[in-house]
Amino acid sequence: MKLKYFIPAFIALIGAVLVSCSDEDTMTLLNEIQVSRSYVPINIDGGEASIDINTTDSWSIDPSQKPDWLTITPMNGSAGEGKITFSAPAAPDGRDTELVIECAGRQQHIKVIQGLATVQDATCAEVVAGPDSKTYRVTGAVVRFGNNYQTYGNCYINDGTSDLQIYGMADKNGKLANNPLKSWDIEVGDIITVEGPKSTYKGEAELVDVTVIKVVKSLIKVESIDPEDATISLEGGDATVNLSCKGNGVTVEIPEEAKDWLSISNITGGTNPTVTFHANANTGGSRSAVVSFKTSNGSQESTVTATIYQNGAIVDVNCTEFLEAPEGETQYRITAVIQKVDNTSYGNVYLRDWTDELVYVYGIGAKGDFQALGLKEGDIVTLVGKRSSHNGNPQMKGAQYEKHFSVTDVTIAEFLAMPDDPDHNNPSVFYRIKGTINDIVNTTYGNLYLNDATGNLYVYGCYPGWGATGNNRIGWLATANIEVGDELTMIGHKYTYTDKNTGVSTIELCSGIYFSHTKGE
C-alpha cells in the first residue's frame, strides 16, 4: 500500500530549513522509535547527512520506498542505539522524498530534502519523461477518476500530450485524504492546474499529493449513457450519451479507427443535448471507442469523453497466441493446465499448454470462486478473459470460469486399479502420475514405460501439453531432452488396449500430456 504524505509541502520545507540551521537533537515522542530529527537536509551539490536512532525492537525501511537517487545505510537494524546515513549526488533542481521507519508496529516518518525543490511548468508528457522527485506544475483536463478517488482525489489528467496520474490531492484547507474532489468541486472534464513532486510507482508516472492551483469548470458534462454500461450487443445496436452543455453547440468526434463500425445516428441540441451512436454487427472480438464531445463559449473550450463498447465473439487461442494478442476489450478463451497456484482466495494461477508458454491469470471470478469450484494445480481449465498487462507483463485479468476437468494424483498401482475412461475418444476422467522412465519404446510419439515404488505403467504417447495435435505431438521427448532415468510427471486417462491377434490386454496411460520432469542422475 502506498504511503500518504500527511504534512503539507510548505510546512515540510520550513521544517527542513529549521533543522538544517540547528544542531540540536529533538528526539520524537514515540516510545518504540526515537530519531534525532525527522527532516534530513542534504546539500544540493551532493553529500550526506545522518540521524541517530534508538528503538526498542528491530527496525527497517521498506526498500520499495527508497528513490533511486538516495543511498541509505543501513536499511534495517536491531534494538538499541544506532545511526542512519543518507547520501545523494548533486541535484541542481532540488528534490525530496518521504520514508517510513517501522518498529514494533509503529511508524516514524522521515522527510529527506535536497536543496529547495523548484517548480517547473510542464506538459503531461514532460512530467512522464522527467526525473522522480522533481516538482512540476501542469494543467490538464480530468479524463477519469482513479482508485480511492473519493478519499484521496486520485484521477488522471490529459493536456493533449499524455495521460498523467494524480495520486493524492490536498483539499481547500491543505488537508490530505479528505475527499478533495468534493472540496474543489472537480468533475470529469474540468481543467485543473496542480503542483507536486513526480514519483514512479510500478512503472507508472504520477504527481503525488498535489496542491490545486486552479479549477476551470467544464462547459460540457456527460450526465448518463443508455445503456448504463455503454455496451452494444454483438448483433449491433445503439447507445445514447446524455449531456449537459453551457457552450455554443456540441462537436462530436469518433476515432478514425472506429469509423468503420461506429457512427452517429441521431443528435439533438440545446442545453441538454443527446448523441446516439450506432454500431454495426460485430463478427470479430470485443471492441471499444473513446468518443469526444467538444463545446466552446468563445473564450473557453471544453472537451469530455465517453467510451462506447461492443461485445464480440470469443476468440479461442492457445497460450502463445494470447500472450501475443493486443490489449483491449476482446474476449479470449484458453484451455490449459493449471501449472501453479499463486493465490487460492482470488484464483491467481499460471496456465500452460502445448506451446510451453505460461499465462498468468489474475483472478478467476470473484473472491472464493476458485476454492468453491475445487480448482487446484494440475486441473485442466477453460477460462475466458481479456488480455491486459501489469508492469509490462501480459496477463489475463478477471477471468471467467467456463469448465474444467479435475485431475487426480495417483500412484501407478492406484492408476492400474481404476476403471477405464467411459469414452476413450473423448476422455473426461484424468489422472496425474509421477514416475521414472525405464524404457522409451517410440521416440516419435513418446511411447514409454514409467516406474514408481508401486509398479510399472505403459504410456501411449507423451505430448508437449494440452491441445497438441498433428505434428505438434511429434518428437517432444528429444525437444525437451527427456531420457531414460528422468523423473516424469504426466497427465492422461486410463484405457485398456487388447491386441486382436494375441488377445493380450495392456493397461495404458493414454494420450499423456507433459506436466514437468526432473533430470535423472
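Modeller: In this predicted model, tyrosine 360 counts as buried, because its relative accessibility of 16% falls under the 20% limit. The structure holds 10 aromatic pairs. Tyrosine 350 comes from strand β26 (residues 348-352) and tyrosine 360 from strand β27 (residues 358-364), so the contact ties together parts that are 10 residues apart in sequence. Tyrosine 350 has a relative accessibility of 27% and therefore counts as partly exposed.

A further pair is formed by tryptophan 476 and tyrosine 514, whose ring centres are 5.2 Å apart; their planes stand at 65°, so this pair is edge-to-face. It links distant parts of the chain, since tryptophan 476 lies in helix α8 (residues 476-479) and tyrosine 514 in strand β35 (residues 505-518), 38 residues apart. Both tryptophan 476 and tyrosine 514 are buried. Elsewhere, Phe405, Phe430 and Trp466 make up one aromatic cluster.

Aromatic rings also meet charged side chains. Arginine 432 lies over the face of phenylalanine 515, at 4.7 Å from the ring centre. Lysine 134 is placed over the face of tyrosine 136, at 5.9 Å from the ring centre.

The charged side chains contribute 23 salt bridges. One of these joins glutamate 187 to lysine 217, with the closest N and O atoms 2.9 Å apart. This bridge links distant parts of the chain: glutamate 187 is in the loop between α4 (180-184) and β14 (191-201), lysine 217 is in the loop between β15 (204-216) and β16 (220-226), and 30 residues separate them. Glutamate 187 is partly exposed, with a relative accessible area of 25%, and lysine 217 is partly exposed at 31%. Both residues belong to a network of salt bridges that also takes in Asp185, Asp190 and Lys221.

Glutamate 327 and arginine 387 form another salt bridge, the closest N and O atoms being 3.9 Å apart. Glutamate 327 sits in the loop between α5 (319-324) and β25 (331-343), and arginine 387 sits in strand β28 (residues 380-390), so parts that are 60 residues apart in sequence are tied together. Arginine 387 counts as buried, at 12% relative accessibility. A salt bridge between aspartate 379 and lysine 376 has its closest N and O atoms 2.9 Å apart. Here aspartate 379 is buried, with a relative accessible area of 0%, whereas lysine 376 is partly exposed at 31%.

The strand pairing can be followed through β3. Strand β1 (residues 33-35) runs antiparallel to strand β3 (residues 47-55), and three bridges join them. Glutamine 34 stands opposite asparagine 54 in β3. Strand β3 also pairs with strand β7 (residues 80-88), in the antiparallel sense and over nine bridges. In that pairing, glutamate 48 stands opposite serine 87 in β7. In a regular strand, side chains alternate between the two faces of the sheet.

Definitions and conventions. Residues are numbered from 1 along each chain as its sequence is written. This is a predicted model: local features need pLDDT of at least 70, side-chain atom pairs count only at pLDDT 80 or more; totals for chains, interfaces and linings use all residues. Side-chain values use heavy atoms; hydrogens and water are left out. A salt bridge is a side-chain nitrogen of Lys or Arg within 4 Å of a carboxyl oxygen of Asp or Glu. Helices (H or I, at least four residues) and strands (E, at least two) are DSSP runs, numbered from the N terminus. Buried means under 20% relative accessible area, exposed over 50%, partly exposed in between (1.4 Å probe, protein chains only). Rings of Phe, Tyr and Trp (its six-membered ring) pair if their centres lie within 6.5 Å; planes under 30 degrees apart count as stacked, over 60 as edge-to-face and the rest as tilted. A charge sits over a ring if NZ of Lys or CZ of Arg is within 6 Å of the ring centre and within 35 degrees of the ring normal. Two strands pair if DSSP finds at least two bridges between them.
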